[in-house]
Amino acid sequence: MTTLNTSRRPRWVRSTLTGYAFLAPSLVLLGLFVFLPLGWAFVISLKQTNGFGDGAFVGLSNYGRLLTDPVFWRVTFNTALFTSIVVPVSMALGLGLAMLMNSVLPVRALFRTIIVLPMVISGVATALIGVLVYDQNNGIANKLLRVIGLGSIPWQSSGPGAFASVVLVTLWWRIGFNMIIYLAALQGVSPELYESARIEGANARQQLRYITWPMVGPSTFFLLIMNVIHSFQVFDVIFVLTQGGPGNSTSVLVTYAYTNGFLIRDQGYATAIGIFLLAITLVFTAIQWRVSRTRDLVE
Amino acid sequence: MSRGRHYGLRVAVAIASSLILAFPLYWMIVVAFSPRQELLTTELRLWPQHFTLANFDRIFASFPIPTWFGNSVAIAVVVTGLTVSVNLLAGYAFAHLRFRGSSVVFLVLLSTLMLPLQVIMVSEFQLITALGIYGTYWAVILPTAASAFGMFLARQFILGIPREIIEAARVDGAGSLRVFLQIVLPLCKPLIAVLTLLTLLSTWNDFAWPLIALKQNELFTLPIGLLYLQGQFGSDYGATMAFALLSVLPMVVLFVAFQRYFVQGFARSGIR
């Protein structure tokens with residue numbers, strides 16, 4: 001295929017110019033609003049401000065402060081705890097529901113719609129419904145608990161109660177995503193595998209362990225990484241549902257960064273927290289990339 | 001097709017799960033239409049005794065609800081238009097144009113997708129202040145539109161277009177832009193549908209960045225307005241739920257209408 005190259009420039013120059021012309025809007029937008037702030041963030045993290053003016057250059061002392069800040073360790077612990085509960089539970093429930101939705105059911109499409117629907121509700125609305133449901137005085141959760149004889153749970157006034165309410169609300173929100181991914185994987189598993197296993201005498205648990213589980217392996221891994229990264233960045237629900245309280249029992253990394261950056265206005269410190277978060281995200285993403293590459297080589 | 005084993009059990013579990021998952025939304029609707037007194041009783045009631053629209057009257061009287069709706073719509077539409085177009089252009093470039101450094105640039109741009117907002121929220125705030133757009137629509141629109149979301153999907157999708165069609169157009173003398181506009185784009189309709197819906201959804205529900213970028217009441221988007229309203233109305237749950245219901249309704253309608261596209265989009269977003 002040839003086009004008449006009537007310009008005086010060599011072909012590779014023309015195609016390079018064309019290529020970058022198509023990329024120009026992306027490059028401008030991302031360059032100005034992502035890469036520039038990213039670079040600047042590193043600079044800010046080396047300063048200490050009190051909300052006015054540029055702030056003094058303090059080198060790595062913000063990072064040093066992180067290490068000795070008990071609140072920082074508390075919020076990191078909270079974030080890790082939150083992640084370690086929400087991720088496995090939402091994945092297990094997602095897999096269970098996917099297996100269910102993959103089987104023969106009446107009005108299956110309706111069930112699937114209901115399970116996925118929470119994903120389109122905003123974090124703010126989700127959290128406000130949570131405020132309503134888990135209100136420890138008038139909320140329906142405690143009313144239901146009292147009716148079945150279990151008594152009220154202090155969802156607002158106790159640390160563990162507040163933490164539990166955050167976890168439950170997040171689970172409601174995230175189950176649909178896990179189900180979708182697992183369902184797509186399950187639909188790729190040929191039914192003959194299960195048939196022959198059944199003929200060979202395998203029971204349900206064996207089928208689960210030796211067919212289902214390995215076949216959804218890549219999805220499990222993908223979900224693990226996505227869910228972990230997402231959980232480390234949780235903000236909307238906590239900000240609206242508990243504001244990080246009571247005390248700091250539901251504060252997480254991002255709410256702490258927000259508080260420092262926009263309420264206390266020590267922007268250097270807030271950015272240092274953000275960079276810590278970036279480092280964690282990079283670690284997990286690198287792990288995913290590494291493992292998925294070896295997987296591709298093996299397969 | 002046979003019903004399979006444990007049919008009854010599975011149906012029961014499916015119904016129970018759906019009831020549990022649907023309950024919060026059901027409750028939101030119930031409370032939105034319940035009068036204040038009903039919410040303060042200590043007895044358990046699962047449906048409203050008195051159906052009322054008073055909550056809606058109250059919120060419309062106290063807050064610029066239509067303005068906030070307008071803000072959300074305007075911002076969502078502009079951001080979606082920008083993001084989808086920009087990423088289609090880029091996806092096409094990476095799929096079909098040969099140029100120096102394309103693989104490196106592709107990876108670098110894609111890597112921005114895993115950057116948490118929180119890392120740059122402070123510096124981004126300083127940037128929009130320096131640019132003088134703090135507190136305006138553009139303070140929300142521009143950083144939100146600066147997203148490589150869809151670039152990967154676009155490239156993948158466009159790679160799937162048979163080369164012969166492209167070649168034929170080039171032989172006829174069409175330049176890259178014409179090929180893009182007249183050949184590639186019309187074939188991208190499913191892709192455009194998915195990207196548009198997902199971007200609309202995430203912009204509509206966006207909370208953290210508008211919270212930082214806006215200051216004036218009249219410019220609030222719905223999530224910010226919702227939080228603001230709750231701050232003002234405190235335990236007036238009826239009012240809060242009425243507004244919450246209104247704010248989620250557009251997305252719920254879109255979802256029910258275009259569920260297939262949403263699910264496809266959710267399933268593929270982030271998959272490398």
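1. Val89(A) counts as partly exposed because 17 C-beta neighbours lie inside 10 Å; buried would take 20 or more other C-beta atoms within 10 Å, exposed 12 or fewer, and partly exposed is in between, with C-beta atoms placed from the backbone. Its place is in helix α3 (residues 70–101) of chain A. Val167(A) is 78 residues from Val89(A) in sequence, yet the C-alpha to C-alpha distance is 9.9 Å.

2. A friendly reminder on provenance: this is a predicted model, where local features need pLDDT of at least 70 and side-chain atom pairs count only at pLDDT 80 or more, while totals for chains, interfaces and linings use all residues. Residues are numbered from 1 along each chain as its sequence is written, and chains are lettered from A and ligands numbered from 1 in the order in which they are written.

3. Now the two chains. In chain B, 77 residues are in contact with 74 residues of chain A (C-beta atoms, placed from the backbone, within 7 Å). Helix α1 (residues 7–32) of chain B gives the most to the chain B side, with 12 residues; helices here are DSSP runs of H or I, at least four residues, and strands are E runs of at least two, numbered from the N terminus.

4. Within chain A, there are domain 1 (11–57) and domain 2 (71–298), with bounds from an automatic or database domain assignment. Their C-alpha centres lie 33 Å apart. The contact takes 11 residues from domain 1 of chain A and 8 from domain 2 of chain A. On the domain 1 side, α1 (11–44) and β1 (47–48) of chain A each give two or more residues, and α1(A) gives the most, with 3 residues.

Note on methods:
Contact = placed C-beta atoms within 7 Å.
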